[in-house]
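Visitor: I would like to go through this structure with you and ask, at each step, what a given description rests on.

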Amino acid sequence: MANIEKHLVLNKYLLSLFGVTEFKSMQSELANTETEIDSEGRTHFSRRINSFSGINREKLPEDKLREYDRNIVNYTNKISFRRDKINLKYFQYLSVLFSEIIFDNIKHRKQDFIFELNEFLRQYNDENNLDLIEEITENDLKKLAYWMATGSGKTLITHINYYQFLKYNLFEPDNIILITPNEGLSKQHLTEMLQSGVPAKQYGGTLSGTMSDNEVLIIEITKLVEEKKGGGVSLPVNVFKGKNLILVDEGHKGKSSEEQAWAKLRNKLAENGFVFEYSATFGQILSENAKKKDILKEYAKSIIFDYSYKYFYLDNYGKDFSVMNMPVNKVSDTKFRETMFVANFLSFYEQLIIFNDFNHKARELNLEKPLWIFVGTTVTGKQADSDVLQIVNLIFKMFNDEEWLKDTIEKILDKSTGLKDENGKDIFSDRLKYIKKKNTTVKKLIKEISGGKGDFEIYEIKNADGELGLKTGENDYFGVINIGDVPGFKKELEKLNIEVKPDSFTTSLFDKIKTDNSSINILIGSKKFIEGWDTWRVSSMGLLNIGSSEGPQIIQLFGRGIRLKGKNISLKRSAAKEEIKALETLNIFGIKANYLETFLKAIKKEDLDLEEIEIPVELQHKGKWKKLDTLGKDENKKFEEDMILRLGAENPFIVLDLTPKVSVYDASNRTANGINIKTAMTDNKGLRLPGNVIGILDWDYIMKELYEFKMLRNYWNLIFSKEYFIYYLLSDKYTIIVNQEDLIINSESDVDRVNNIVLSLLKKLLEKIYKDGLKRYESDNLMYKKLEEQLPLFIFEKGKNKTEYKIFIDKKKKKKIKEINDLIKDLNKLLKEEDKILPRVHFDKHFFLPLLISDKEIDKYSPPALVESEIKFVKELRDYLKDSGNKYKDYEIFLLRNLPKSGVGFFISQGFYPDFILWIKGKDIQHIVFIDPKGLRMSREINGEKIQLHINIKDIEKRENKENQFLHSFILSDTSYQNLIAGLTTPPLKNDYNENNVLFLEDSNWQEMLIEKILK
């Protein structure tokens, strides 16, 4: 996210007018300002902003800000037309104020304004080492975009923008069109616009009848087409001729095919007009389209306001949230999926009884009755693939298998689910505290959810499109399934012997969810109701099979759940005691919800709010690169052509862990370092496949899948057989961490499950064997290459004709950030000095400077900074050479840090990338030395691969047979000799290590020993 925000140049320009560089500066100044209008008709925001010390008075004189404020008060009065008086929150006020500044400048001084924007852009790009955003043109100012969290009032901003546009009258619009993602949101917008006094109507399939002046036509993007073919309600965009004012609400899906088609339609409508665009998901859209620079360029010059979720949450708006997520497992794990479902059910039940027990307090805080929603991605299809079907089947089981429900609940409440956190505690130990105080029985649970006794039944609601109702006996409906394909879904239910009865009298249950005292407690669907649904009730959410393509939609769905009215419609969380806190928390339970992991990591990153700083790097001694050799791949040799890889010679040990890894994320337990994502796992032991199961497996299926895997991975030279796999499965060369019952076969479905377990194991085996074979082949075929050919591969990513480190530091450390930014402006000081501002080592014989040292005040380095043993090595080598006078005057000595993966690596049975390459070059001789200064506790055996590289590397030297060119390898142990041999019965002598090119950094003369061993 940080990179995206950095590119929002229009937003950064507007912030600069107020003397700030980050929105947080305005946030801290305005967040607690009163929202009411004072006795003079001015907002308190206006008075506070006018007192900012850094404000640009030339561009924002006090009387101009007062004029903008009067306009904003006027707009606010207009949208209060049929509502209670609206007072804008500070972030809503700022979004409108930023719009005022843009419109005023476009209307009255457009060319000067464009010139000023480009002057700012040039300076901003220089200061931040950016060059993505090109010159701003008049056409770029025909679109304004607002990145605002769900629940932050985008709808009100939309209505104010409508009035703003008409006031500034950039042109007389021939059509005003509001584009929405679905019909439900269109209906909501129609209601809201009429309440704000905005004339509007919803497209119903025809444009018959006249539009009143400045009336807004509300239409779903799905009904717009480039060219109409046949009948239906679709509408070609060329119907809307002339200059159009377009308002777009959540016009992104994230899927590139849809996105490109929709963008084309939006652009066609707006080519001669003006666009307002509103979204909570710009961050996800721009991240997922990171390679499409044109999209980022477009929105960098149009997003004028950024109040994305992190700002919304840090302002204490909306509900807290707690997440438990079990990502996709290669093998279905019914037990833990059911445990997560019942835990989700219990968390909702707890909220329901707290709401009843503390109803007076809940009403005072405008907390509404909790609602449990469950969302999948598919409704019908193969039985196992229908997410909504799995959800309904679990609810059916909940009502019809009392013993199973009772047993699962007891395990959750008794902390014996088998899911442990890193401290060995059950992940539900500190949860569901209120339920644990109650004398809860399964019958009470079911009655509270369903409203009474009776058999569980499902009805098709004939008077409501796409609805099925859930009820028990003669009680009111307690749940509704909201889907598109009811007939197909009914057929899938019939396969499970679940009957669907008709109901021809009841009206829409979905519409009743928002009514007072609604009996609906559960809503199940397939994402149909994600966008624009405005209930305040959602308190518990189950997600099933949410993949990467649903990213933006998950952000929108998440937004449905964090909506909170708050006391006096503050939208804020209260500081109430624990029970009420549970009602102000959204509980999310994800099963196979992979995007949820991505989302959580993004929030964790935002929560830390890191500043990215680019540290310039200067490459040194370039004239020497063509005279020095290093090792590199022989590009003329092809592994897949030269080597036939037959299985059987080596059998690597494979660990296949199939237990669920549940991520636990509690936003309310925030620390100064942000929110931690904890991972819970089972304590299952490793198992092998029972011998009697191997013959039952479907080997035709397994072999077919493995051959397809081989083709997909391009493992052309890999030869395997069924006999080898059977031999491997009977060996002790693998372990499977899984529930024991998952390896037992009693039915056909068990065979399918075990087939997939074996398939996962064997794929992992093939991948390991192939990758190891490839690395070994490349290592065996290393050859001499000139350093100038290899250098760019293992220093830094090159781009924009520069090399650089990237460091990331907490934005709250403003003094540190300023000191570092000041330092990098002085290149001579950066490269040649050492200080604590940005810890580094200066060694003039190193091929790039600076060499950064790891500092606890800096959160991340890319590439990584030097650690303690590396620092000791570089400094002591530097000092030794400096103090040696003319001892090595006949040699040129150079050093280069060798980065993992991209540098020079060696492989026998495992990969090894020495940390440094040292060159000692005489007149007719060259020594290339690979050095690794590290602790040796984990690899202290003299016969170990890392140590024995000093012998194996000589094979390359002999093969290359280059006169007076020598290869060496050394380990510089940061572990002292005494600590290294501790516990060994017959420890090697220190001299034994030295003879095998292991030197100890504790020895004061290690530098002399190193160089003398090389030169002897």
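This is a predicted model: local features need pLDDT of at least 70, side-chain atom pairs count only at pLDDT 80 or more; totals for chains, interfaces and linings use all residues.

Visitor: What caps the N-terminal end of H19?

Guide: The cap is aspartate 485, from which a side-chain oxygen lies 3.0 Å from the backbone nitrogen of glycine 488; since a polar contact is a pair of N or O atoms within 3.5 Å, the value of 3.0 Å falls inside that limit.

Visitor: Which residues of H19 are buried, and why are they said to lie on the same side of H19?

Guide: Within helix H19, residues 486-495, the buried residues are Val486, Gly488, Phe489, Glu492 and Leu493. They cover an arc of only 160 degrees around the axis, which puts them on the same side of H19. The face turned away from that buried side carries the exposed residues Pro487, Lys491, Glu494 and Lys495.

Visitor: What covers the buried residues of H19?

Guide: The cover includes helix H15 (387-400) together with strands S13 (456-461), S14 (467-472), S15 (479-482) and S16 (500-503).

Visitor: Why is the pair of phenylalanine 23 and tyrosine 311 called edge-to-face?

Guide: Their ring centres are 4.9 Å apart and their planes stand at 70 degrees; the term applies over 60 degrees, so this pair is edge-to-face. The pair links distant parts of the chain, with phenylalanine 23 in helix H3 and tyrosine 311 in helix H12 (residues 309-314), 288 residues apart.

Visitor: How do you know whether phenylalanine 23 and tyrosine 311 are buried or exposed?

Guide: Buried means under 20% relative accessible area, so phenylalanine 23 counts as buried at 5% relative accessibility, and tyrosine 311 counts as buried at 3%. Phe23, Tyr90 and Tyr311 are among the members of one aromatic cluster, which also includes Phe18, Phe98 and Tyr317.

Visitor: What makes you say that lysine 471 lies over the face of tyrosine 477?

Guide: Lysine 471 is placed at 4.8 Å from the ring centre of tyrosine 477, and the distance limit for a charge over a ring is 6 Å, with a further condition of within 35 degrees of the ring normal. Lysine 710 likewise lies over the face of phenylalanine 720, at 5.8 Å from the ring centre.

Visitor: Why is glutamate 870 called buried, and what does its side chain reach?

Guide: Glutamate 870 is in helix H31 (residues 868-883), and its relative accessible area of 3% is set against a limit of under 20%, so glutamate 870 is buried. Its side chain reaches the backbone nitrogen of valine 867 at 2.9 Å. Leaving aside neighbours within four places in sequence, the contacts of glutamate 870 include Arg897, Asp915 and Lys934.

Visitor: What makes S32 and S34 edge strands?

Guide: The open sheet has 4 strands in the order S32-S20-S30-S34, with antiparallel pairing; strand S32 (848-849) and strand S34 (860-862) each pair on one side only.

Key. Residues are numbered from 1 along each chain as its sequence is written. Side-chain values use heavy atoms; hydrogens and water are left out. Buried means under 20% relative accessible area, exposed over 50%, partly exposed in between (1.4 Å probe, protein chains only). Helices (H or I, at least four residues) and strands (E, at least two) are DSSP runs, numbered from the N terminus. The arc is that of the directions from the helix axis to the C-beta atoms. Contact means heavy atoms within 4.5 Å. A polar contact is a pair of N or O atoms within 3.5 Å; within protein, one must be able to donate a hydrogen and the other to accept it, and residues adjacent in sequence count only if both atoms are side-chain atoms. Rings of Phe, Tyr and Trp (its six-membered ring) pair if their centres lie within 6.5 Å; planes under 30 degrees apart count as stacked, over 60 as edge-to-face and the rest as tilted. Two strands pair if DSSP finds at least two bridges between them.
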